[in-house]
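Q: Before looking at the model, I would like to learn how to read its features one at a time. Where should I start?

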Amino acid sequence: MMSYTLIIVVLPLLMFLVLGLLGSKMKPAVAGLIGTLGLSVVAALSYFTAATYFLSVGKVGGSFQTIMPFNFEWLQFTDKLHIDLGIMLDPISVMMLVVISTVSLMVHLFSFGYMKGERGFQRYYALLSLFSFSMLGLVVATNIFQMYIFWELVGVSSYSLIGFYYTKPSAVAASKKAFIVTRFADLFFLIGILALSFYSGTFNFQELTSQTGPILGQPITATFMGWSVVSWAMMLIFIGGAGKSAMMPFHIWLPDAMEGPTPVSALIHAATMVVAGVYLVARMFPLYVLGAPDVLNIIAYIGGITALFAAIVACTQTDIKRVLAFSTISQIAYMITALGVSGYGGHEGLGYMASMFHLTTHAFFKALLFLGAGAVIHAVHSNEMDAMGGLRKYLPITHITFLIACLSISGIPPFSGFFSKDEILVAAFEKDILLFGCLYFCAGLTAFYMFRLYYRIFWGDSNKEYKHTPHESPLSMTIPLIFLAALTVVTGFIPFSKFVSSDGMPFETHIEWSVASLSILVGVIGIVIATIMYRKENKISDKVAGSIKGLYIAAYHKFYFDEIWLFVTKKVIFNYVSRPIAWFDRHVVDGFMNLQSTITNFVSRKIKFAQSGEIQDYAWAFIMGAVVIVSLLVFI
Amino acid sequence: MSNIPLAAYLVISAIMFFAGVYGFLSRRNMLTILMSLELMLNAADINFVVFNKYLFPGQLEGHFFALFAIGVSAAETAIAIAIIINIYRNLKNIYVDEVNKMKF
């Protein structure tokens, strides 16, 4: 059943191989066309899958079932423990298929205009295909190890795409940073997987999360340092997710990752890869909520703190992509918090549904924001806000679509962000008033910094002189913007709880107007403040910054997280851990080996004169040897 | 013929063998060395035949083996001469003490 879903995953891989191996022999446009066409097929199949799954096949007896159209055993360790590769369809993976293929297709299309004439255009498309393959493989993973494999693959493709401009030192540094930071977090992920599978004897998601399964069915009583091993494992797995999803304190790589081409940021660092951590928690949600509720609580608070932190930092950044990057961190933290405050089943699981809902809407409007930013950068050739202003006259389409996305992220109805953010706020309100306050304040900040960004790009100094008059982007770039803007308007009206819920049973939600009106209010306040400060160029913003100088400077420097990490790694770890180890390696390990080689060298130098090159010397030695042996045999 | 003792044959073959060893070690010309080598082989062949005749009369393995060894040594000589010719072509020299390039 539904085995055509295999094509969704395999086709991008094939395209990667074709473009990667033969790309240099193709014209750039041909390579781009192949990539885009392939992705269109993938997108069409994903939509078909979603339609089939949600409307007919998936629902059995009122709840959504998990379907495995394809699965085979790849590596066997023990009778029970084996790594499979396969495809698993359930509401969230089908939802992710749609999100990923849509955004990926739009980015493929957008890149036609944006990357035109770049060196390595073919390589770019090959890497996009590799990324699409890995991300699609990640979401349909049947078991946690398959997820881990694809998890690393998205890390690699993210690394190579951030470092796409590999002649630029800052891009190279950013790609290394992204890879190392996420890889560091993935180490914990791996340990968590191993701990979990050691105690449960399985990697399979279905068995792990089943209520009668090896973990939830017969609770594991083993503890480690006062915490149950399940909690430990789930915490470690979450740390892996936090690395990918840029939660504090692993968020440092995401702002730097903006060195990559802008469409890549839209695809990988806004819509798809960075939500992998959210997806991971959602995928193992029953384990968290039933097996390790204490961990889930920690997750909620990490999310809340990160959301607040990133929103504050976003208010002070001047590089438009960095503003968007911090906004992404903040919004992902929203999703994480929503998962953290969620319960299990029915209306209790509202947070879960809200998180997935926000994931979807955020993917569309954030991709739209990034692509809009890409169009602006394309027109102005700069990332800095100071180089922009008054662009609404030159870029009408970009302006309108960007405004829609800004309204959406600020939570203004009827745009999609309002609906999903409202659900998250309701979920937080019902569980934890402190987190609600935190998220609520963030909602205001979000509206403020998004409109600060909007005004400074499109309004502000309207008579700004440009060296080259900015012009609207080509059709290949505006079509994705318009399409995503349309999605941003309509996705909010999808009755999400009918399709996605924590236990597979559809439930009813309605807009909680008490919370919703509050959230609209704070959004509007944020927008009004931003309008006063940035609509026309004036001194108010400088005055405000001056009045909270300490906070402003700290936020401008991203609360010195990079410096703290550098201090910990360079000053502490390098000096007190790495250096002694290096000394031991160089002097003790290498020393022993060097001693052996020195002895061998010395001895061979002493005896090499026996090798005279004269055959008769050798024959003489041979015969004398034979005589000695024979006489020994005869006379002894 | 039957009154010649076994030891006489063995003495002859021992003399031949050590004459070969001496030639092998002392001559400089490769062709002479090759001849010395043949001498040693022939000494061994004599031993085969003699031991067969005295210890296992009525059986023929020793004879066959002697013939076989002669055949092998003929082939071996052909190869050795080919090698010597090649050495001569390359180095214009067939004196072993001057062909000593294969060393450290």
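A: Start with contact: two residues are in contact if their C-beta atoms, placed from the backbone, lie within 7 Å. The model here is predicted. As a case, Ala367(A) touches Val103(A), Met106(A), Ala266(A), Ala270(A), Ala271(A) and Leu484(A), leaving aside residues up to four places away in sequence.

Q: Which residues touch the most other members of the largest nonpolar core?

A: Ala367(A) is one of them, together with Val281(A) and Leu439(A), in a core of 205 residues. Helix H15 of chain A, residues 350-380, gives the most to this core, with 20 residues. Another core lies apart from it and has five residues, including Val21(B), Phe24(B), Met30(B) and Ile33(B).

Q: How many residues of chain A and chain B count as buried, as a percentage?

A: In chain A, 51% of the 636 residues count as buried. In chain B the figure is 9% of 104 residues.

Q: Why does Phe184(A) count as partly exposed?

A: The label comes from a count of C-beta atoms within 10 Å: 20 or more make a residue buried, and 12 or fewer make it exposed. Phe184(A) has 15 C-beta neighbours inside 10 Å, so it counts as partly exposed. Phe184(A) belongs to helix H6 of chain A, residues 169-200.

Q: What is the span of helix H2 of chain A, and what covers its buried residues?

A: Take the span from end to end, then look at the surroundings. H2(A) covers residues 28-57, 30 residues in all, and reaches 41 Å from its first C-alpha to its last. That is close to the 44 Å expected at 1.5 Å a residue. Among its buried residues are Ala31(A), Gly35(A), Leu39(A), Val42(A), Thr49(A) and Tyr53(A). The cover over the buried residues of H2(A) includes helices H1 (5-22), H3 (91-114) and H4 (121-139), as well as strand S4 (82-89), of chain A.

Q: In what sense do S3(A) and S4(A) pair, parallel or antiparallel?

A: For a pair of strands, check the direction, the bridges and the link. Strand S3 of chain A, residues 67-76, pairs with S4(A) in the antiparallel sense over seven bridges. Within this pair, Phe70(A) stands opposite Ile87(A) of S4(A). The two strands, S3(A) and S4(A), form a hairpin with five residues between them.

Q: How should I read the overall build of each chain?

A: List the elements, then the dimensions, then the sequence range of the contacts. Chain A has 24 helices and six strands, and its C-alpha trace spans about 115 × 65 × 50 Å along the principal axes. Of its contacts between residues at least 6 apart in sequence, 79% join residues at least 24 apart.

Chain B has three helices and zero strands, in the pattern α-α-α along the sequence. Its C-alpha atoms fill a box of roughly 50 × 25 × 25 Å, taken along the principal axes. The radius of gyration of chain B is 17 Å, whereas a compact globule of 104 residues would have one near 13 Å. For chain B, residues 24 or more positions apart account for 46% of the contacts with a separation of 6 or more.

Q: How many residues of chain B are in contact with chain A?

A: Ten residues of chain B are in contact with ten of chain A. On the chain B side, six of the residues are nonpolar, one is polar and three are charged.

Terms used: Residues are numbered from 1 along each chain as its sequence is written. Chains are lettered from A and ligands numbered from 1 in the order in which they are written. This is a predicted model: local features need pLDDT of at least 70, side-chain atom pairs count only at pLDDT 80 or more; totals for chains, interfaces and linings use all residues. Ala, Val, Leu, Ile, Met, Phe, Trp, Tyr, Cys and Pro count as nonpolar, Asp, Glu, Lys and Arg as charged, and the others, Gly among them, as polar. Helices (H or I, at least four residues) and strands (E, at least two) are DSSP runs, numbered from the N terminus. The expected span of a helix is 1.5 Å times one less than its number of residues. A nonpolar core is a set of buried Ala, Val, Leu, Ile, Met, Phe, Trp, Tyr and Cys residues joined through C-beta atoms within 7 Å. Two strands pair if DSSP finds at least two bridges between them. The radius of gyration is taken over C-alpha atoms; the globule rule is 2.2 Å times the number of residues to the power 0.38.
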